[in-house]
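Colleague: Could you take me through the strand pairing and the charged side-chain pairs of this chain, step by step?

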Amino acid sequence: MPNGRRASVAIIACYASAATLDTLPSPRGAHLCRIAPEELWVVAARNEGSAILSAVAAYLTTHEPSALAIDQSDGWVVRSLFGDDALTMLAQLCVFRFPDMRPEFVQGSVAGAPAKVLLLFGSVHVFVPYPLRHYLDSRLLDVGGAASQVGLEMSSFSFGTPNTSDMPTQQEI
């Protein structure tokens with residue numbers, strides 16, 4: 001079974017021309033996720049958010065004075081799934097096919113809710129708007145079987161394998 005947890009992330013939304021966003025360098029430890037031709041997210045550990053926001057904003061406004069970079073971290077929740085079955089479990093909630101390449105970023109409906117999915121080697125990170133967090137948790141529990149599969153509050157976004165020894169029980173969720 002895959003292991004899952006809540007992750008605390010920095011989501012920096014960048015708005016600029018496609019040409020400017022195409023040249024944006026990826027900050028160390030972050031992932032660039034293209035939302036639309038003129039919109040891109042920079043996703044990284046929460047504690048890196050301020051530094052990344054400053055660096056990205058400086059880059060964008062240097063290359064395009066009307067560009068905008070804003071922190072949207074508080075508007076989204078991320079659920080991170082780890083293990084061999086993580087993608088299989090998530091696929092039960094999706095009607096779209098996941099690409100084979102990694103890393104990869106896709107958008108679509110997860111359990112009927114608008115979501116964004118960051119696919120990495122050994123982990124899957126599902127982003128949903130904050131008001132949908134409990135709905136996503138319940139659907140992940142439905143397909144995951146055990147309550148310990150989701151629900152651990154983390155202080156940073158990790159792309160590695162989690163420590164599952166402190167996963168909450170059904171009663172704690």
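Modeller: Two strands count as paired if DSSP finds at least two bridges between them, and please keep in mind that this is a predicted model.

Colleague: How many bridges join β3 to β4?
Modeller: β3 and β4, the latter spanning residues 39-45, run antiparallel, and A36 stands opposite E39 in β4. With at least two bridges required for a pair, β3 and β4 qualify, the number of bridges joining them being five.

Colleague: Which strands stand at the edges of the sheet?
Modeller: Four strands form an open sheet with antiparallel pairing, in the order β3-β4-β2-β5. Each edge strand has a single partner, so one side of it is left without a neighbour in the sheet; these strands are β3 (31-36) and β5 (68-71).

Colleague: In which helix does the salt-bridge partner of R34 lie?
Modeller: The side chain of R34 meets that of D22 in a salt bridge, 2.9 Å from N to O. R34 belongs to strand β3, and D22, twelve residues apart from it, belongs to helix α1 (residues 18-23). R34 is partly exposed at 30% relative accessibility, whereas D22 is exposed at 54%; the helix that holds D22 is α1.

Colleague: Are D137 and R79 buried or exposed?
Modeller: D137 and R79 form a salt bridge whose closest N and O atoms are 2.5 Å apart. D137 lies in helix α4 and R79 in strand β6, so the pair ties together parts that are 58 residues apart in sequence. With under 20% relative accessible area as the cut-off, both D137 and R79 are buried.

How values were computed. Residues numbered from 1 in each chain as written. Predicted model: local features only at pLDDT ≥ 70, side-chain atom pairs only at ≥ 80, totals over all residues. Heavy atoms only, no water. Helix = DSSP H or I, 4+ residues; strand = E, 2+ residues; numbered from the N terminus. Salt bridge = Lys/Arg side-chain N within 4 Å of Asp/Glu carboxyl O. Buried < 20%, exposed > 50% of the residue type's maximum accessible area, 1.4 Å probe, protein only.
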